[in-house]
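Please open the structure in your viewer and keep the selection tool at hand.

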Amino acid sequence: MARNLMSDDEWTFFEGFIRAVRHPNGRKPADHRLVLDGIFWIARTGAPWRDLPNEFGKWSSVYRQFRRWTIGGLWEDILDALEPREARAGQAADGRQHRDPRSSSCGGRKRGTPKEALGRSRGGFSTKIHLRVNGAGLPMRTEITPGQDSDYTGYDLVMADNLPQPAVLVAGGGYDSDKIREDIESRNALPMIPMRKNRRVRKAVDMTIYTLRNMVERCFNKLKNSRRLATRYDKTADSFLGFIDIACIRLWLRHLST
């Protein structure tokens, strides 16, 4: 048997969400626990779907169920349920590029189309993951864009939501712009962003607070333990983002179980 399968407590948590999105179709229900374990195995190992061990069932069936749940918004619903919404605290945001092997760009009409969040940057053919974490270093929102997109674009994506507003937002120099600073202040929050070298009027950064930016760095490192997102193998943007959300969910569950 494959290692690191779900515990009974984890399955109890997931089962309620899965039953809520499953629609009767006259067929005998599948073993959704085994299917979910198979999806987690793919996320952790980064293996091709066809290499899924037989113990999880037919690989094509597991893949089709993954696509149904992803398109149906299952992973986003679970993340929304995990994220507490009552406390204002420090938050951090950042973006990371993830290289795409040639296989992920094959099969489409155009290479590097923004629709599938693929593009060329200095690092090559890549996708950029934008991440917003809370004060405990846990993911609050994830989005993806083509690799050449700036952090400005990522900021608009991860902040345009009804998530808890931060008291302090820590981010790298790539987020230094008047528009972003004004938006953070409009949320009654303090921007803690180092200024670019070409700025004439400079604002000091409290380095004691700014060191908390490593929360988002550590979160990225933990998420990369899921090899399916450490390197992008998925052709479609929604499948890749689905695996990112799965890694975030498992990170949350490990935190809540401790």
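Begin by selecting α3 (59–71) and α10 (237–257), which are roughly perpendicular to each other, a label given to angles of 65 to 115 degrees, whereas angles under 35 count as roughly parallel, over 145 as roughly antiparallel and the rest as oblique. The two helices α3 and α10 pack at an angle of about 85°, and their axes are 10 Å apart; here the axes are lines fitted to C-alpha atoms over the stretch in contact, and angles run from 0 to 180 degrees between N-to-C directions. Where they meet, Phe-66, Arg-67, Thr-70 and Ile-71 of α3 are in contact with Asp-238, Ser-239, Gly-242, Phe-243 and Ile-246 of α10, contact meaning heavy atoms within 4.5 Å.

The model is a predicted one, in which local features need pLDDT of at least 70 and side-chain atom pairs count only at pLDDT 80 or more, while totals for chains, interfaces and linings use all residues. Residues are numbered from 1 along each chain as its sequence is written, and side-chain values use heavy atoms, with hydrogens and water left out.

Now show the whole protein as a cartoon, in which there are ten helices and six strands; these are DSSP runs numbered from the N terminus, with helices (H or I) of at least four residues and strands (E) of at least two. Of its 258 residues, 48% are buried, where buried means under 20% relative accessible area, exposed over 50% and partly exposed in between, with a 1.4 Å probe and protein chains only.

Next, select Phe-14, Leu-36, Ile-39 and Trp-75, which touch the most other members of the largest nonpolar core, a group of 53 residues. Such a core is a set of buried Ala, Val, Leu, Ile, Met, Phe, Trp, Tyr and Cys residues joined through side-chain atoms within 4.5 Å. Its largest share, twelve residues, comes from α10. Which residues does Ile-39 touch, not counting those up to four places away in sequence? They are Trp-49, Val-62, Phe-66, Trp-69, Phe-243 and Ile-246. Apart from this core lies another, of eleven residues, including Val-158, Met-159, Ala-171 and Tyr-175.

For the aromatic rings, select Trp-49, Tyr-63, Phe-66, Trp-69, Trp-75 and Phe-243, which ring pairs link into a cluster. Rings of Phe, Tyr and Trp (its six-membered ring) pair if their centres lie within 6.5 Å, and planes under 30 degrees apart count as stacked, over 60 as edge-to-face and the rest as tilted. By this rule there are ten aromatic pairs. One of them, Trp-41 with Phe-56, is tilted, with 6.4 Å from centre to centre and 40° between the planes. Because Trp-41 lies in helix α2 and Phe-56 in the loop between α2 and α3, this pair ties together parts that are 15 residues apart in sequence. Trp-41 and Phe-56 are both buried.

Move on to helix α8 (residues 214–223), where Met-215, Val-216, Cys-219, Phe-220 and Leu-223 are buried. These residues cover an arc of only 135° around the axis, which puts them on the same side of α8, the arc being that of the directions from the helix axis to the C-beta atoms.

Finish with two loops. Asp-31, in the loop between α1 and α2, is partly exposed at 47% relative accessibility. Asn-188, in the loop between α6 (178–186) and β6 (190–192), is exposed, with a relative accessible area of 64%.
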